[in-house]
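Subject: Structure handover and notes

Dear colleague,

I am passing on the structure we spoke of, and I would be glad if you could look through it alongside the notes below.

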Amino acid sequence: MMYKLKKNCRLCSNNKFELILDLGKQPTSNSFLTKNQLKNSEKKFPLRLYICKKCHHLQLLDVVDKKYLFSNYHYLTSANKPIIKHFQKYADDMYKKILKEKEKPFVIEIGSNDGTLLKKILKYKVDVLGIEPAKNLARISRKSKIKTQNSFFNIDTANKISKMKKADLVLANNVLGHIDNLDEFIRGVLKLLKDDGVFVFEVPHALELIKKLEFDTIYHEHISYFSLIPLTKWFNKYNLEIFNVERKIVHGGTIRVFVSRKNNFKIMKSVDKIKSIEKNYGMNKLQTYRIFQKQIYDLKDVLNLKIKKLKKEKNIIFGYGAPAKGNVLLNFCKIDNKILEFISDTTVLKQGKYTPGTKIKIINPDNLPKKNKMIGLLLAWNYKNEIIKNEMKFLKNGGKFLIPIPNPRIISK
Ligand code: DWN
């Protein structure tokens, strides 16, 4: 079964929703194509964001089978230098805040990707275990001497591991949003954790998505889009509480959430602070999302008009970065290989392949033609600052960037 329609909210089980944004039928955004696959027809699925009318949790109800999404995965944590830096600080922070005082601490990361974070935690002489469903990524992680179980995380995996050893710290970064059955997931985490263990996870913050119009981060892998208020009620059902939250700038704005069994830790001011920011922005008001929907359709029109004008002025427009989110934007705005000549990307796994739905060839940035009037549509806009710093020569030679989110605009030297 490749696809199913969910009927109940993943956090509160309510069955009343409001459709917030319909991005049309799209291919899954990490299904990059080989040259031979170009002639085949592509599987497309509805991509629609809903809000639960009871707890206001944002989620997809069109669920694509996780084996189809994750068994051979193109996203490599280590392909992005800014993320490697982010995970270095993350590892230092976990050691200082949670692991330093522990005797022989044990850390488990669910969705450990290529082991980038666990490799940095390992340096603190901490026992680590990765759980990663994608074969290609588990293989890379093991090469870095990270004990890695190649499987999806579920209650059976949790039972087997917890019989051997319980964890002081369970991590899950950009994973919770990918989980269809969150209740089974958290029951599994509870099995892994020592009584005073801590569950730390990082997820894109739904507030940033709505506020900064980050509609391209809505894709089939991302089933849930989290805010603190609905999460707090959900954790309460499991005798868990959020005792700290930190806002991070990566991936368009994420929250790092610290959870433990009730009364293990003093609840920090950061929790109420972020809840009030969510409330003040109207994250629990349907009107907020009706405005968001109109803003996205306006953004699409402005971007397409800008591109049309740039093409008319004989500019060469190419895609800069081939992130999963880039494919959502390209398919929703109908920007295909007739508009973008190619896309450059540093991920070797993606080079030589083609984007799903729009069939644009992905090239190594070293092969970017040195021509005048080159304009890079910055699909990897979440790394704008780092990329501009690295591409000063491109800008000095007259190159420009077209930043699509939150308002389409040109950046030049
Ligand atoms: O949730 C997820 C997020 C965390 O990462 C995953 N489901 C999938 C993935 O989403 P993404 O593909 O949108 O992630 P990135 O990290 O925004 O992708 C950036 C892309 O841009 C990569 O393919 C690498 C490329 N890149 C580049 O070509 N030049 C990145 C940088 C920094 C560069 O200088």
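Predicted model: local features only at pLDDT ≥ 70, side-chain atom pairs only at ≥ 80, totals over all residues.

I begin with the ligand, which is surrounded by 24 residues, the closest being Glu221, Lys325, Asp345, Lys350 and Tyr383. Sorted by class, this shell consists of 10 nonpolar, 10 polar and four charged residues. Histidine 178, in turn, places an N or O atom of its side chain 3.1 Å from a nitrogen atom of the ligand. As for burial, the ligand taken alone exposes 710 Å², and the protein buries 95% of that area.

Turning to the helices, the axes of helix 5 (residues 155–164) and helix 6 (residues 182–192) come within 8 Å and cross at roughly 0°, and because angles under 35 degrees count as roughly parallel, these two helices are described as roughly parallel to each other. On the side of helix 5 the contact is made by Ile155, Ala158, Asn159, Ile161 and Ser162, which meet Glu184, Arg187, Gly188, Lys191 and Leu192 in helix 6. By class, this contact of helix 5 with helix 6 has four nonpolar, three polar and three charged residues.

For the other pair, the axes of helix 8 (residues 228–236) and helix 9 (residues 269–281) come within 9 Å and cross at roughly 125°, which makes helix 8 oblique to helix 9. Here Leu228, Ile229 and Thr232 of helix 8 are in contact with Val271, Ile274, Lys275, Glu278 and Lys279 of helix 9, and the residues of this contact divide into four nonpolar, one polar and three charged.

Lastly, the backbone. Isoleucine 405 and proline 406 are joined by a cis peptide bond, with omega at about 0°, and proline 406 lies in the loop between strand 18 (400–403) and strand 19 (409–411). Serine 13, placed in the loop between strand 1 (3–5) and strand 2 (17–26), has a phi near 70°, which is a positive value in a residue other than glycine.

With kind regards

Technical notes:
Residues numbered from 1 in each chain as written. Heavy atoms only, no water. Near = heavy atom within 4 Å. Polar contact = N/O pair within 3.5 Å; in protein donor to acceptor, adjacent residues only side chain to side chain. Areas by Shrake-Rupley, 256 points an atom, 1.4 Å probe, with all protein chains shown as cover. Nonpolar A, V, L, I, M, F, W, Y, C, P; charged D, E, K, R; others polar. Axes fitted to C-alpha atoms, helices over the stretch in contact; angles between N-to-C directions. Helix = DSSP H or I, 4+ residues; strand = E, 2+ residues; numbered from the N terminus. Parallel < 35°, antiparallel > 145°, perpendicular 65-115°, else oblique. Contact = heavy atoms within 4.5 Å.
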